[in-house]
Amino acid sequence: MRIIAGDLRGRRLKSVPKDYVKTRPISGRIKQSVFDIIAGLVPGSRFLDLYAGTGAVGMEALSRGAGFVFFIEMDRRCVSVIEANIELGGFKHCAKVHPGNILSELSWVPFRSGQKQFDLVFLGPPYKDEAKRALSYSTPSLARVVEAGLLAPKGWMISQHHVKEEVQAPAGCLRTRREKYGDSYVDFFRWETGPAQP
């Protein structure tokens, strides 16, 4: 896993072994495209990385100048990798990681993160479980963010999901853009009072 751009451009980060089936790393192509689209929003932003895996998205945000990143990941092995990458990148002053279930209520996030709200939220939940059964985590996860009041008034949520998963915009948000990459869609949601395009 490498950082694409920013202060740590080209830096290789720690990851879990390739045969560790609980993670599905974001492809370099999708990560590059997402950050090209939101490039102007990242510097100084409060960034929430949900289903963080090994932290590839949040670390990219930090490298590109995000003011603070909070990673949430349920798998303890991945949490340890994210902690190591935060330290490796020199970001202990502006990043935190905490284990958690995104599908449960998220009212604890401000206390654990030290941030009341976030300007950018990225989520890339798993497409399938270990038995290869399709999962549909995106819609409820987006709803949990809004229900907990974690999205800043002009904030954006970016959701990566399988093309067969039906994803609904949470209350108060509008999907303004969708990009397709192979078997994946990436949807961009904003508060309806927010800026028209990222």
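## Helix α5 and its cover

The cover over the buried residues of α5 includes β1, β4, β5, β6 and β7. Here contact means heavy atoms within 4.5 Å, and helices (H or I, at least four residues) and strands (E, at least two) are DSSP runs, numbered from the N terminus. This is a predicted model, in which local features need pLDDT of at least 70 and side-chain atom pairs count only at pLDDT 80 or more, while totals for chains, interfaces and linings use all residues. Residues are numbered from 1 along each chain as its sequence is written, and side-chain values use heavy atoms, with hydrogens and water left out.

Helix α5 spans residues 138–147, and S138, S141, L142, V145 and V146 are buried in it. Buried means under 20% relative accessible area, exposed over 50%, partly exposed in between (1.4 Å probe, protein chains only). Seen down the axis of α5, the buried residues fall within an arc of 140°, so they line one face of the helix. The arc is that of the directions from the helix axis to the C-beta atoms. After α5 comes G149, with a positive phi near 70°.

## The sheet

Seven strands form an open sheet with mixed pairing, in the order β3-β2-β1-β4-β5-β7-β6. Its edge strands, β3 (95–98) and β6 (173–181), each pair on one side only. Two strands pair if DSSP finds at least two bridges between them. From one strand to the next, the twist averages 15°.

Strands β4 (residues 118–123) and β5 (residues 151–162) run parallel and are joined by five bridges. F122 has I158 in β5 as its bridge partner.

## Two helices on the sheet

Helix α1 (residues 28–37) packs on the sheet and touches β1 (46–50), β5, β6 and β7 (184–191); its direction makes about 140° with that of β6. Axes are lines fitted to C-alpha atoms, for helices over the stretch in contact, and angles run from 0 to 180 degrees between N-to-C directions. Helix α2 (residues 56–63) lies across β1, β2 (68–72), β3 and β4, and runs at about 175° to β2.

## E60 in helix α2

E60 belongs to helix α2 and is buried, with a relative accessible area of 0%. Leaving out residues up to four places away in sequence, E60 touches R2, I3, I4, A5, K31 and F35. A polar atom of the E60 side chain lies 3.0 Å from the backbone nitrogen of A5.

Notes. A polar contact is a pair of N or O atoms within 3.5 Å; within protein, one must be able to donate a hydrogen and the other to accept it, and residues adjacent in sequence count only if both atoms are side-chain atoms.
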